[in-house]
Amino acid sequence: MRGAFWREAFVGRRPIRTFVRVGVLVLVSVVVFGWVLIPVRTYGDSMLPTYRSGSFHLVNRVPYLLRQPARGDVVAVRLAGWRVVYVKRIVGLPGERIGFRDGLLTVNSRPLDEPYVQERARWNLRETALRPGEFFVVGDNRGMPIEAHEFGLVRRERIEGPLLF
Amino acid sequence: MPASTQGARVVASVALAATIAFAAWHFWPSEARRIRHKLDALAAVVNERPADAIGQIARTAQLSKFFTDEVVVEPGRGAGAIHGRERLLALASRAPNEGHPYALEFVDVSVAMEGDESARAHLTATLSSRDTDTAELNVDAREVELQFRRTDDWRISRIALIDTLEKPQP
């Protein structure tokens, strides 16, 4: 009697159907969270104040199958694989010239309005021309020294997708 | 035999067969697997925290077994290459992993065999440490390519740090 209760509680009246359901659920989860919506946790202060260190996000790999990355997108940049990625903002597109002048980001020698940046150190970097298929990515925290901040040119193939949230 | 019981046995058999196949594929011994184990062992030695100078010497001696005599390190970002195991170990001994302890880990490792005596590993190396004031976890990551050569054992002959983000020079 007791065994029958537990059996029904765990596998239901139709065990095969329950197994299939569990299998499908596991398969869908593996596909969705392994290839489509990739969970990432950020470490470091380079994306402050937009993202705090230790925050959890999902990277959506679908949008860039349909369109090119756009300026302002916060994206995941792949290193050797998926376990560690850079989270940065796209500020420069192929064909543009990107630089910094006294902390202000310049695109083709014109300052870019960046409401997401709250602190600015006096970064200076002469303009760099982006080749086809190259994007310029940088974090939102410009208050840190330029030497301590990971940013720069990245190939399109490295950009996996925008952060969903 | 009731149909549902027979069906459950079929499902269980398929699941068991799939598990055995996966385990065999995952744990089957190969040179690529040996190289992965070598990388795990290297990280373990680097992460050791010797209590005294003798321990530090032992750690350096252990580290020397992972590299060929003429190992080359290419740090990237415009920095010059480091040639030779002695020079590399001398630099490593300056980071004894005490005071502000760190943990080296190799993740996303892929190994490509290039014949019987040579192999290439592509991976991300992470160095994590905790801030002494806030206890916040800091993680530095670099993409790395390692060239392995087999002499008596697999040893690293070249370490190239890859600039995933190409930083323009000021």
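Tutor: Let us begin with Arg142(A) and Glu114(A), whose side chains meet in a salt bridge at 2.8 Å, N to O. A salt bridge here is a side-chain nitrogen of Lys or Arg within 4 Å of a carboxyl oxygen of Asp or Glu. This is a predicted model, in which local features need pLDDT of at least 70 and side-chain atom pairs count only at pLDDT 80 or more. Residues are numbered from 1 along each chain, chains are lettered from A, and side-chain values use heavy atoms.

Student: Is Arg142(A) buried or exposed?

Tutor: Arg142(A) is buried, with a relative accessible area of 1%, and Glu114(A) is buried at 2%. Buried means under 20% relative accessible area, exposed over 50% and partly exposed in between, with a 1.4 Å probe and protein chains only.

Student: Which residue forms a salt bridge with Asp102(A)?

Tutor: That is Arg122(A), with the closest N and O atoms 3.5 Å apart. Asp102(A) lies in the loop between β5 (97-101) and β6 (104-107) of chain A, and Arg122(A) in the loop between β7 (110-111) and β8 (125-129), so the pair ties together parts 20 residues apart in sequence. Strands are DSSP runs (E, at least two residues) numbered from the N terminus. Asp102(A) is partly exposed at 43%, whereas Arg122(A) is exposed at 65%.

Student: Changing topic, which residues are linked with Glu150(A) in a network?

Tutor: Arg77(B), Arg142(B) and Asp163(B) are linked with Glu150(A) in a network of salt bridges.

Student: And how many salt bridges are there over all chains?

Tutor: The count comes to 26.

How values were computed. Helix = DSSP H or I, 4+ residues; strand = E, 2+ residues; numbered from the N terminus.
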